[in-house]
Amino acid sequence: MSESVSVLICTRNHLSSLQTTLRTVGKVDVPTNCQVELIVVDNGSTDGTRSWVEQTSLPNMPVRLVEEPRVGQARARNRSLGAARGDILLFTDDDVRLPSNWLRAMTRPLASGQADAVRGKSVLHPSRKRPWMRAFHRAVLAVTVGIKEEGQHTMKGLSMGFTRRVLQQVPAFDPELGPGTPYGYFDDTLFSYQVVEAGFHIAAVLEAPVVHQPDAERLSRKAYCRAAACRGRGLTYID
């Protein structure tokens, strides 16, 4: 039975990192029974992202550019959902490095009916590791290593996916949340809560960890203080 999969990446003024991310996407193993597309949503970039993506091709899947001029990651994600053709929808970010088995591992529970949604594992790029980091510091960077698996239901946008039937009950990400808003985070968190509340099952996929390489500026004390304020506002909004 053939599977149709859409890999979705939203980006804004992050071209250099996006280029590295897409090189790893181009090396992902695609099963022979899979029809895969990559959709890159340009969220109002001014750094040449649009022209570069339009000229980009990958050896393992076609690439489509979609534009969402209204700033906000959730809006860009919603635009990607409207453009996607796949029955399985996989999200990753423009500062993530994918292992070769990522697509195969993430789609397996969805295609077999074992789960309605999946949350992937993430590790921090070696260049971003610091001796002072604890689990909290890594969690701010969307790293899941070091977080207890028991009772976890939260998907992270850098490695998550779900079947199209999920959208019948949870049709979109809340545009009030996420990067590009005063809250800064939690568009994927609220979506996860809504998926669970709607009765869908989220499975953990641990065998294909992605590598997150955020901008070095996010490791500064100022950035962590800003992140703490955003997280407080975002959690209050969700409550």
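**Exercise 1.** Identify which residues of the largest nonpolar core touch the most other members, and which elements supply this core.

*Solution.* Of the 31 residues in the largest nonpolar core, L38, L90, W102 and L103 touch the most other members; such a core is a set of buried (under 20% relative accessible area, 1.4 Å probe, protein chains only) Ala, Val, Leu, Ile, Met, Phe, Trp, Tyr and Cys residues joined through side-chain atoms within 4.5 Å. At least two residues each come from β1, α1 (15-25), β2 (34-42), β4 (88-93), α4 (102-111) and β8 (202-212), and α4 gives the most, with five residues. Leaving aside residues up to four places away in sequence, W102 touches V7, L90, F91, T92, S159, A208 and V210, where contact means heavy atoms within 4.5 Å. Apart from this core lies another, of 24 residues, including A74, A76, F191 and I202.

The model is predicted, so local features need pLDDT of at least 70 and side-chain atom pairs count only at pLDDT 80 or more, whereas totals for chains, interfaces and linings use all residues. Residues are numbered from 1 along each chain as its sequence is written, and side-chain values use heavy atoms, without hydrogens and water.

**Exercise 2.** Describe the lining of the largest pocket, stating which element gives the most to it.

*Solution.* The lining comprises 38 residues, with Q73, P179, G184, Y185 and R218 nearest the centre of the pocket. Two or more lining residues come from each of β1 (3-11), α3 (73-83), α5 (135-140), α6 (187-197) and α7 (221-238), and α7 gives the most, with six residues. A pocket here is an open set of points on a 1 Å grid over the protein atoms alone, where a 1.4 Å probe fits, with protein on both sides within 12 Å along at least five of seven lines, and lining residues have an atom within 4 Å of a point.

Note on methods. Helix = DSSP H or I, 4+ residues; strand = E, 2+ residues; numbered from the N terminus. Buried < 20%, exposed > 50% of the residue type's maximum accessible area, 1.4 Å probe, protein only.
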